[in-house]
Amino acid sequence: MAIHKILIVDDSPTERFYLTDILVRAGFAVSTAVNGEEAIDKIRAERPQLILMDVVMPGANGFQVTRAIARDPELSGIPVIICSSKNQETDRIWGMRQGARDYLIKPVDPALLLDAIATLDAQAPAAAA
């Protein structure tokens with residue numbers, strides 16, 4: 001199934017606008033959540049095909065929410081790409097261990113983001129087989 005519906009989870013209005021603009025221009029349908037709790041509710045209600053997850057947010061952080069998604073049998077098939085200003089290699093490794101499929105550093109390069117989505121999209125049929 002081609003990725004079309006994407007949920008952006010970020011407490012920064014600027015980041016949500018920036019990422020939404022990139023994705024909408026590329027033809028994706030986008031919804032947003034401002035924290036982890038809202039994200040889980042929206043994921044259950046809207047069933048996005050991809051989640052872009054910030055790390056540093058009030059309440060549950062992005063690592064915790066990514067882990068919750070990965071451990072939930074209903075949600076674990078939805079890929080997560082972490083988009084964070086936390087740029088240490090240990091952060092990237094920890095994010096991947098929580099279940100993220102990719103880790104991008106803010107400010108997110110539009111070409112890298114679209115390439116990461118295309119890569120996940122290309123892997124989707126193989127994962128379903």
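**Entry 1: D91 and helix 4**

I began with D91, which counts as buried at 13% relative accessibility. I use buried for under 20% relative accessible area, exposed for over 50%, and partly exposed for what lies in between, with a 1.4 Å probe and protein chains only. D91 is found in helix 4. Helices (H or I, at least four residues) and strands (E, at least two) are DSSP runs, numbered from the N terminus. I also looked up the separation of D91 and Y103: they are 12 residues apart in sequence, and their C-alpha atoms are 9.0 Å apart in space.

I note that this is a predicted model, in which local features need pLDDT of at least 70 and side-chain atom pairs count only at pLDDT 80 or more, while totals for chains, interfaces and linings use all residues. Residues are numbered from 1 along each chain as its sequence is written, and side-chain values use heavy atoms, with hydrogens and water left out.

**Entry 2: strand 4 and its neighbours**

Which strands pair with strand 4? Strand 4, residues 80-84, pairs with strand 5, residues 102-105, in the parallel sense over 4 bridges. Strand 3 also runs parallel to strand 4, and 3 bridges join them. Two strands pair if DSSP finds at least two bridges between them.

I then looked up single bridge partners. I82 has Y103 of strand 5 as its partner, and C83 has L104 in that strand.

Is strand 4 enclosed or open? I found that 5 of the 5 residues of strand 4 are buried, so the strand is largely enclosed by the rest of the structure. In a regular strand the side chains alternate between the two faces of the sheet. In strand 4 both faces are covered: V80, I82 and S84 are buried on one side, I81 and C83 on the other.

I checked the crossovers next. Strand 3, helix 3 and strand 4 make a right-handed β-α-β unit. Another right-handed β-α-β unit is made by strand 4, helix 4 (residues 89-97) and strand 5. Right-handed here means that, with the strands pointing away from the viewer, the path from the first strand over the helix to the second runs clockwise.

**Entry 3: helix 1**

Helix 1 covers residues 13-25, which is 13 residues. From its first C-alpha to its last it reaches 18 Å, close to the 18 Å expected at 1.5 Å a residue. The expected span is 1.5 Å times one less than the number of residues.

Which residues of helix 1 are buried? They are E15, R16, L19, I22 and L23. These cover an arc of only 135 degrees around the axis, which puts them on the same side of helix 1. The arc is that of the directions from the helix axis to the C-beta atoms. On the face turned away from the buried side I found the exposed residues P13, T14, F17 and R25. Just after helix 1, G27 takes a positive phi of about 95 degrees.

**Entry 4: salt bridges**

I took a salt bridge as a side-chain nitrogen of Lys or Arg within 4 Å of a carboxyl oxygen of Asp or Glu. By this rule I count 9 salt bridges.

K106 and D10 meet through their side chains in a salt bridge of 2.7 Å, N to O. The pair links distant parts of the chain, 96 residues apart: K106 is in the loop between strand 5 and helix 5 (110-128), and D10 is in the loop between strand 1 (5-9) and helix 1. Both K106 and D10 are buried.

K106 also forms a salt bridge with D54, the closest N and O atoms being 3.0 Å apart. D54 lies in the loop between strand 3 and helix 3 and K106 in the loop between strand 5 and helix 5, so this pair ties together parts that are 52 residues apart in sequence. K106 has a relative accessible area of 15%, and that of D54 is 5%, which also counts as buried.

The next pair I looked up was E74 and R47, a salt bridge with its closest N and O atoms 3.0 Å apart. E74 lies in the loop between helix 3 (62-71) and strand 4, and R47 in the loop between helix 2 (36-46) and strand 3 (50-53), so parts 27 residues apart in sequence are tied together. Are these two residues buried or exposed? E74 counts as exposed at 52% relative accessibility, and R47 as partly exposed at 35%. Both belong to a network of salt bridges that links R44, R47, D72 and E74.
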